[in-house]
Amino acid sequence: MFPSDDPFLSDSWQTRQARSSLLAWYDRTRRDLPWRRRRDPYAIWVSEIMLQQTTVRTVLRYYERFMERFPTVWDLARAELSAVLKSWEGLGYYQRARNLHRAAGIVAQDHGNLRWPESVEEWQRLPGIGRSTAGAILSISTDRWAPILDANVRRVTGRFFGIPSAMKDDPERFWEASDSWGAENPRPGDTNQALMELGAVLCLPSSPSCGQCPVASFCATQGSGEDERAPPGQPGPAAPPGPSGKSPGSRAKKATPPTRKRVALIPASGPLLFEPRGEGRLLEGLLEVAGFPSECLSPGDTVAEGALCGWRVVEELFSVRHVYSHFREQVQVLRVVPAEGGVAMGGEGRAMEVWASLPASEGLALTGVARKIVRKLRTQADIGFLTDFRATGPTGTRETYRDLPPDPGGARSGQGR
Ligand code: SF4
């Protein structure tokens with residue numbers, strides 16, 4: 001049953017037979033996905049980046065919209081990062097979007113005649129592209145062989161070749177095995193797509209459908225092998241049951257992630273103030289409602305730091321919570337007015353600030369927390385509770401703020417500008 005005496009023998013007859021069966025199955029059953037209708041490197045590249053840590057179902061909601069908004073690498077390179085982040089909003093892992101944008105700038109600059117990277121090594125020199133992504137882009141867009149090893153292919157490969165658990169932490173063994181699908185390969189790109197498809201629809205992590213698998217008769221384990229879910233460097237298979245028959249720690253409570261507190265400041269009338277999250281921070285480049293980390297503030301307190309330093313809290317509007325992968329955030333949303341002598345926007349050298357009316361703010365690239373705040377403000381404005389926030393007006397940076405219409409409530413008087 002084992003495909004070869006040497007599981008990594010690249011030209012084994014069994015592997016080539018299995019590949020034929022795999023490709024025939026792929027031709028019959030493959031899902032019609034928008035990126036499979038194209039072969040240009042840009043379209044494949046965008047899809048491969050979106051599919052990192054994200055399901056096909058989710059990516060389907062974003063891919064075509066993104067490609068309409070940025071149809072070529074030139075369009076992406078010329079776009080403002082904020083526009084790219086806005087189109088990425090909801091996909092998560094925003095570093096992918098930042099890297100994609102940066103890499104588009106490099107390709108547009110370095111490959112002015114649109115000579116795309118021609119090897120895995122060249123692709124890997126671009127930000128955000130690892131060996132597997134590089135192999136996928138190259139093989140699918142040019143039909144030249146390059147092995148890949150995303151989570152699905154790693155699982156399929158480990159099971160098919162029966163890679164012993166002792167080798168689980170040896171990625172080179174998996175790369176060698178994955179590479180063996182490429183020998184004398186007439187359809188390199190489709191082979192990689194078929195392997196990914198097999199891992200996504202049949203060779204599932206916990207219950208592989210070996211009865212329907214096109215390579216079952218060549219597979220070393222047929223689902224009977226050890227659990228291949230754990231990638232290198234991650235915890236391995238579950239520990240054996242303890243004396244009670246239950247897995248150790250199976251009833252242990254998951255540790256509660258820490259909660260970070262923050263205040264968000266809403267001017268009593270007129271536009272809202274947003275600030276981009278700084279370089280190297282989580283959600284870098286997305287806009288958050290002006291504020292700062294703090295336990296809480298009460299009505300009558302004076303804001304002591306940040307862009308609205310010197311303003312006075314008049315009331316607490318509401319609070320919002322947001323859950324990140326490793327912490328929670330609780331944000332107290334406060335309405336503020338400028339106190340006498342207060343300044344609006346801190347000193348020189350502050351990062352770019354964006355003022356936007358409540359309706360206009362929905363078009364900005366906001367953090368999840370900022371979006372929750374804006375939606376809640378809109379809901380309250382829509383039912384007439386916060387009538388001041390219905391105001392429409394331009395969206396602008398600090399430089400254009402002074403061009404905004406006069407504030408009827410006078411809340412911006414005394415801003416020291
Ligand atoms: S036979 Fe089963 S374990 Fe082997 S590749 Fe197919 S689905 Fe995966």
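**An enclosed helix and its surroundings**

Modeller: In helix α10, the buried residues are Val153, Arg154, Arg155, Val156, Thr157, Gly158, Arg159 and Phe160. The model is a predicted one, and the description that follows should be read with that in mind. Helix α10 spans residues 151-160, and because 8 of its 10 residues are buried, the helix is largely enclosed by the rest of the structure. The partners of its buried residues are α11 (171-179) and α12 (188-201), against which they pack. Just after α10, glycine 162 takes a positive phi of about 60 degrees.

Glutamine 53, which is not a glycine, has a positive phi of about 60 degrees, and its place is in the loop between α2 and α3 (56-60). Since 11 other C-beta atoms lie within 10 Å of glutamine 53, this residue is exposed. Tyrosine 93, likewise not a glycine, has a positive phi of about 45 degrees and lies in the loop between α6 (81-88) and α7 (95-110). With 13 other C-beta atoms within 10 Å, tyrosine 93 is partly exposed.

Of the contacts in the chain with a separation of 6 or more, 66% are between residues 24 or more positions apart.

The largest nonpolar core holds 93 residues, and Leu265, Phe274, Val336 and Ile373 touch the most other members. Helix α2 (residues 41-50) gives the most to this core, with 7 residues, and the core draws at least three residues from each of domain 1 (13-218) and domain 2 (259-403). In soluble globular proteins, nonpolar side chains tend to be buried together.

Leaving aside residues up to four places away in sequence, phenylalanine 274 touches Leu287, Glu288, Val289, Ala290, Glu353, Val354, Ala356, Leu364 and Ala370. Strand β2 runs antiparallel to strand β7 (residues 354-356), to which 3 bridges join it, and leucine 273 stands opposite tryptophan 355 in β7. Strand β2 also pairs with strand β3 (residues 287-289) in the antiparallel sense, over 3 bridges, and there proline 276 stands opposite leucine 287.

Two further sites complete the view. The ligand is surrounded by 15 residues, of which Cys203, Pro208, Cys210, Cys213 and Cys219 are the closest; the shell divides into 10 nonpolar, 4 polar and 1 charged. Alanine 381 lies in helix α14 (residues 368-382) and counts as partly exposed because it has 17 C-beta neighbours inside 10 Å. Between alanine 381 and leucine 358, the separation is 23 residues in sequence and 9.3 Å in space, C-alpha to C-alpha.

Note on methods: Residues numbered from 1 in each chain as written. Predicted model: local features only at pLDDT ≥ 70, side-chain atom pairs only at ≥ 80, totals over all residues. Core = buried A, V, L, I, M, F, W, Y, C linked by C-beta atoms within 7 Å. Buried ≥ 20, exposed ≤ 12 C-beta atoms within 10 Å, placed from the backbone. Helix = DSSP H or I, 4+ residues; strand = E, 2+ residues; numbered from the N terminus. Domains from an automatic or database assignment. Contact = placed C-beta atoms within 7 Å. Near = placed C-beta within 6 Å. Nonpolar A, V, L, I, M, F, W, Y, C, P; charged D, E, K, R; others polar. Pairing = 2+ DSSP bridges.
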